[in-house]
Amino acid sequence: MYNGGNKVVRKLKAFIAVFLLVLIVFVFLAVRGNSVKDLLTQYVPFLFQQQTDKVLSYKLDIEKELKQYGLEEYTPLLLAIMYQESRGEGQDLMQASESAGLKPNEIQDKQESIHQGVYHFYQMYLLGTKNKVDMNTIIQSYNMGPGYIEYVAANGNKHSEELAKAYSKKQVNNHPDLYTCGGFKGNFRYPYCFGDYTYAEKVQAKFELLKKNMRSIDERKITMN
């Protein structure tokens, strides 16, 4: 009985240690602006399979828009951007209103949002390739705008979190009353309140998740055939 009790205690301690480790990881990522739902979606994807499927349901719509520019190979990436922007929910799926000079969420049509979101990406892609920056810079510019591409081009041509922070701080200094993180210093972005300096990293994580799901869908099709 005594040895059995020790085994139970050891297992309990091991479980607590693993639980605390997972909790620390989640807290660390949450501090970087990931919601609990984002974290669970990324690390326990089967819990939110319906959500992932919802984003993937727009694959043909995204691909159709990208074909106009000969960029259909970037369909998974645009789906990842949609995932980051809206999780496939609401009307402005690509959160593209501001890129069209409108107020946030002013676009109230899903297809119009996809059209504008893809067009915005296309513009950033053209400017990015012209300035010979890396793809992460182009992804980050979907969030921060064309000025970020020009800033990176003048500072080594490769995106980094440090450059994104520096550019954000520059914009905040230029417009201190506009970019305030809602006046909340507890916001993970503070004092880098222009855009989200972790945007490219988050999109890349969702890109990997969606690629896995797309492969899974393709495998199911092959099995069914």
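Helix 5 has 12 residues, which at 1.5 Å a residue should span 16 Å. The model is predicted.

Helix 5 covers residues 75-86. It is mostly covered, with 11 of its 12 residues buried. The buried set includes T75, P76, Y83, Q84 and S86. L77, L78, L79, A80, I81 and M82 are buried too. After the helix comes R87, with a positive phi near 60°.

Two packed helices are described by the angle between their axes and the distance between the axes. The values for this pair are tabulated here.

| Feature of the helix 5 and helix 6 pair | Value |
|---|---|
| Angle between axes | about 115° |
| Distance between axes | 11 Å |
| Handedness of crossing | right-handed |

Helix 6 runs over residues 110-130. Helix 5 contributes L77, L78, I81 and M82 to the contact. Helix 6 contributes I114, G117, V118 and F121. By class, seven of the contact residues are nonpolar and one is polar. None is charged. An α-helix has 3.6 residues a turn, so residues three or four places apart point the same way.

**D196 in its loop**

D196 sits in the loop between helix 9 (161-174) and helix 10 (199-224). Is D196 buried or exposed? Its relative accessible area is 10%, under the 20% cut-off, so D196 is buried. Its side chain makes a polar contact with the side chain of T198, at 2.6 Å. Beyond its neighbours within four places in sequence, D196 is in contact with Q140, N143, M144, F188, R189 and K202.

Note on methods
Residues numbered from 1 in each chain as written. Predicted model: local features only at pLDDT ≥ 70, side-chain atom pairs only at ≥ 80, totals over all residues. Heavy atoms only, no water. Axes fitted to C-alpha atoms, helices over the stretch in contact; angles between N-to-C directions. Helix = DSSP H or I, 4+ residues; strand = E, 2+ residues; numbered from the N terminus. Left-handed = near helix turned anticlockwise from the far one by under 90°. Contact = heavy atoms within 4.5 Å. Nonpolar A, V, L, I, M, F, W, Y, C, P; charged D, E, K, R; others polar. Expected span 1.5 Å × (residues − 1). Buried < 20%, exposed > 50% of the residue type's maximum accessible area, 1.4 Å probe, protein only. Polar contact = N/O pair within 3.5 Å; in protein donor to acceptor, adjacent residues only side chain to side chain.
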